[in-house]
Amino acid sequence: MLLVIGDPALSSWSLRPYLILAHSGLAFDTHLVRLDQHDTRANNLKFSPTGKVPVLVDPELGSVWDSLAIAEALAERCPALWPSNAVDRARARAITCEMHAGFAALRREHPMLLDQRVVHAERSEACLADIQRINRLVEDARASAQGGPWLFGAWSIADAFYAPVATRFRTHGVIGSGLLGPATEAWCAAILADPALLAWTSGAAGNAAAGSAVFG
Ligand SMILES: N[C@@H](CCC(=O)N[C@@H](CS)C(=O)NCC(=O)O)C(=O)O
């Protein structure tokens with residue numbers, strides 16, 4: 001399997017399936033397409049009709065584009081990527097879709113810039129509302145989670161979808177600002193210490209051999 005990704009420092013949509021693959025135990029390689037270049041779209045179109053990354057290129061399935069479609073394709077092979085309990089599974093899917101479709105103000109004002117730290121004098125009401133909503137959904141998930149530090153105890157696709165948020169919270173000074181409750185602060189710390197995220201952060205994902213070398 002080949003995961004086609006954008007620049008690790010910028011491409012939050014690529015980070016999600018990378019983490020899912022890393023946690024799945026499946027062997028995979030990565031192929032980097034640089035974003036914001038004159039030939040980015042042409043290079044992406046070699047793999048996906050949308051001209052966007054991430055794309056999973058699979059011997060059986062062909063090209064699968066869009067992070068959520070890739071997540072579901074991988075979950076068919078590794079059902080443990082979603083919570084085993086039906087109630088938690090439904091909640092995990094709901095908040096994953098909420099992330100995939102929402103939080104426009106947070107994305108706009110607090111972009112993923114993995115290697116940077118930004119000081120904010122103020123945030124818009126819409127951005128604060130997004131932060132409050134994410135804090136609430138993490139606190140709710142963690143309130144009944146058992147058996148691990150992740151949203152639903154065991155690691156799941158929902159953690160991958162919110163992982164870029166933890167990095168945005170670090171980059172933009174939300175962590176430690178008092179805007180997050182203790183369970184959300186603890187979940188962010190767990191995400192930011194995840195070896196798969198650290199491998200991505202160190203740029204390992206940009207190396208074509210990194211996926212199989214680190215996790216295969
Ligand atoms: N909904 C898509 C979003 C994909 C997306 O916006 N990818 C960006 C990089 S993070 C991209 O390929 N941009 C290149 C371009 O628009 O030229 C997903 O979930 O995969």
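Good morning. The protein is divided into domain 1 (2-79 + 197-215) and domain 2 (81-194), with bounds that come from an automatic or database domain assignment. This is a predicted model, in which local features need pLDDT of at least 70 and side-chain atom pairs count only at pLDDT 80 or more, while totals for chains, interfaces and linings use all residues. Residues are numbered from 1 along each chain as its sequence is written, and side-chain values use heavy atoms, with hydrogens and water left out.

I begin with the interface. Taken over C-alpha atoms, the centres of domain 1 and domain 2 are 21 Å apart. The contact, meaning heavy atoms within 4.5 Å, takes 25 residues from domain 1 and 24 residues from domain 2.

The size of an interface is often given as the accessible area lost when the parts come together. Here domain 1 and domain 2 bury about 2,100 Å² between them, 68% of it on carbon and sulfur atoms; buried area is the accessible area (1.4 Å probe) that two parts lose on being put together, summed over both. In domain 1, the residues that lose the most area to domain 2 are Arg16, His23 and Leu197, together 28% of what that side buries.

I turn now to the salt bridges. The term denotes a side-chain nitrogen of Lys or Arg within 4 Å of a carboxyl oxygen of Asp or Glu. The structure holds seven salt bridges, and the rule finds one across the interface of domain 1 and domain 2.

Which residue forms a salt bridge with Glu72? The partner is Arg93, the closest N and O atoms being 3.3 Å apart. This pair links distant parts of the chain, with Glu72 in helix 3 and Arg93 in helix 4 (residues 86-101), 21 residues apart; helices (H or I, at least four residues) and strands (E, at least two) are DSSP runs, numbered from the N terminus.

A further salt bridge joins Arg77 and Asp58, with 2.8 Å between the closest N and O atoms. Arg77 lies in helix 3 and Asp58 in strand 3 (residues 55-58), so the pair ties together parts that are 19 residues apart in sequence. Is Asp58 buried or exposed? Asp58 is buried, with a relative accessible area of 5%, whereas Arg77 is partly exposed at 33%. Buried means under 20% relative accessible area, exposed over 50%, and partly exposed in between (1.4 Å probe, protein chains only). Asp58, Glu60 and Arg77 are linked in a network of salt bridges.

Thank you.
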